[in-house]
Each structure stands twice: as structure tokens, then as C-alpha cells.
Amino acid sequence: QVQLVESGGGLVQPGGSLRLSCAASGIILSIYSMGWYRQAPGKQRELVATITSDDYPNYANSVKGRFAISRDNAKNTVYLQMNSLEPEDTATYYCHVLSVGYWGKGTLVTVSS
């Protein structure tokens, strides 16, 4: 059974940083492209960042230069380093295995003073 478990969310002040983790079991993440998505209250889920199986990243314009996606294949984990956080980044963040459709249950990030 495939499980994706996100962690690392929480409350942070504007300008702060968080690192999200997505740990997987039942699937080898290294062979897949992975994505981080987010969904704010009342809004549609949107793509934040992706990383290919050969570690090529891509970012939404809204987070480019502030967020960094990475992976540790030995730990079967994907990360999202989030810097210079803004209130607009408040959302539940989900990891996703592209092409096979698995999703985690999400971790909530709240950016507020």
C-alpha cells in the first residue's frame, strides 16, 4: 500500500522559513517525477513545484526564487524548502507522485504575524 506522509507545516511569521517533507512507503520515489501542490481555503489546488526523476526542478512563478524542491532517494523523501514566506503562501501543502496519481493528506502552513 502506497503512503505519502507530509510533515513540517506550522505557523510562521512573514519572512520566515519552513521545510516540508514528504516521506513515502510502498513506492520508490526516485523513478518518478514528484510535485508539491497547495490549496488555500476557498481556492483551487495549485501546483507549487515539481522535480523530475533526474532532479530537474520547476516552479510556479509565485514561488520562484523563494522555494526549493529537492529529493533524498536514500530516504525516499521529497522536500520543499520555503523561504521568505508571505501570508499568501498560507495553504495546505500536498505532495503528489506525478503520472501515477498518489497524493498525501497534506500539511498546513500558516503565515501570519
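**Entry 1: P14**

I started at P14, which sits in the loop between strand 2 (10–12) and strand 3 (18–25); strands (E, at least two residues) and helices (H or I, at least four) are DSSP runs, numbered from the N terminus. The model is a predicted one, in which local features need pLDDT of at least 70 and side-chain atom pairs count only at pLDDT 80 or more, while totals for chains, interfaces and linings use all residues. Residues are numbered from 1 along each chain as its sequence is written, and side-chain values use heavy atoms, with hydrogens and water left out.

Next I looked up what P14 touches, leaving out residues up to four places away in sequence. The list is L85, P87, V111, S112 and S113, where a contact means heavy atoms within 4.5 Å. I also checked P14 against T110: the two are 96 residues apart in sequence, and their C-alpha atoms are 9.5 Å apart in space.

**Entry 2: the whole chain**

I counted zero helices and 11 strands in the protein. Read along the sequence, the pattern is β-β-β-β-β-β-β-β-β-β-β.

I then checked the overall dimensions. The radius of gyration is 13 Å, which agrees with the value near 13 Å for a compact globule of 113 residues. That radius is taken over C-alpha atoms, and the globule rule is 2.2 Å times the number of residues to the power 0.38. Along the principal axes, the C-alpha atoms fill a box of roughly 40 × 25 × 25 Å.

Buried residues make up 42% of the 113. The protein exposes about 6000 Å², and carbon and sulfur atoms supply 47% of that area; the areas come from the Shrake-Rupley method with a 1.4 Å probe. Of the contacts between residues at least 6 apart in sequence, 54% join residues at least 24 apart.

**Entry 3: salt bridges**

How many salt bridges does the count come to? I got four, taking a salt bridge as a side-chain nitrogen of Lys or Arg within 4 Å of a carboxyl oxygen of Asp or Glu. R38, E46, R66, E86 and D89 are linked in a network of them.

Since R66 is in the loop between strand 6 and strand 7 and D89 in the loop between strand 8 and strand 9, the pair ties together parts 23 residues apart in sequence. I noted both D89 and R66 as buried, R66 with a relative accessible area of 11%.

R66 pairs with E86 as well, the closest N and O atoms being 3.9 Å apart. This pair links distant parts of the chain, 20 residues apart: E86 is in the loop between strand 8 and strand 9, and R66 in the loop between strand 6 (57–59) and strand 7 (67–72). E86 is partly exposed, with a relative accessible area of 33%.

Notes:
Buried < 20%, exposed > 50% of the residue type's maximum accessible area, 1.4 Å probe, protein only.
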